[in-house]
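Please keep the sequence and the coordinates in view while reading.

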Amino acid sequence: MEKFGEKLRALRIRSGLTLKDLAKSLGLTAHGYLSELECGKKKPTAEFAVKVADYFNVTTDELLRDDVEIQFKKISKK
C-alpha cells in the first residue's frame with residue numbers, strides 16, 4: 001500500500017485531471033486530502049480506495065497492492 005499515492009497521481013495525471021477536478025469528482029470539498037495521499041503523508045480509508053477504484057475503473061488490488069501494477073489501458077474517466 002506504500003505506492004497508493006504514486007498510483008493515484010499517475011491515474012489522475014493520465015486522465016488529465018487536476019487535484020481540484022478529481023476532488024470534486026470524488027465528492028470531496030477540498031483537494032488537500034488528495035495531495036496528502038499522493039505525497040504519502042496519509043493512507044486511504046477502505047471506502048475511499050473503493051471510490052477511487054470505481055472512478056478510474058481499476059481494481060482495489062491494483063491500487064492497494066504494491067506488487068500489482070495498474071493496467072492503464074482500462075482507465076476510463078467518468
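**Aromatic pairs and the core**

Tyr-55 counts as buried, at 8% relative accessibility; here buried means under 20% relative accessible area, exposed over 50%, and partly exposed in between, with a 1.4 Å probe and protein chains only. The model is predicted, so local features need pLDDT of at least 70 and side-chain atom pairs count only at pLDDT 80 or more, while totals for chains, interfaces and linings use all residues. Residues are numbered from 1 along each chain as its sequence is written, and side-chain values use heavy atoms, with hydrogens and water left out.

The structure holds two aromatic pairs. Rings of Phe, Tyr and Trp (its six-membered ring) pair if their centres lie within 6.5 Å; planes under 30 degrees apart count as stacked, over 60 as edge-to-face and the rest as tilted. Tyr-33 and Phe-48 form an edge-to-face pair, at 5.2 Å centre to centre and 80 degrees between the planes. This pair links distant parts of the chain, since Tyr-33 lies in helix 3 and Phe-48 in helix 4, 15 residues apart. Tyr-33 is partly exposed, with a relative accessible area of 22%, whereas Phe-48 is buried, at 7%. The rings of Tyr-55 and Phe-56 have centres 4.9 Å apart and planes at 90 degrees, so this pair is edge-to-face. Phe-56 is buried, with a relative accessible area of 0%.

Phe-56 also belongs to the largest nonpolar core, which has 19 residues; Leu-8, Leu-22, Leu-34, Phe-56 and Leu-63 have the most contacts inside it. Such a core is a set of buried Ala, Val, Leu, Ile, Met, Phe, Trp, Tyr and Cys residues joined through side-chain atoms within 4.5 Å. Helix 4 gives the most to this core, with six residues. Leu-34 touches Leu-8, Leu-19, Leu-22, Ala-23, Leu-26, Leu-28 and Phe-48, not counting residues up to four places away in sequence; contact means heavy atoms within 4.5 Å.

As for the whole chain, the protein has five helices and zero strands, where helices (H or I, at least four residues) and strands (E, at least two) are DSSP runs numbered from the N terminus. Buried residues make up 35% of the 78 residues.
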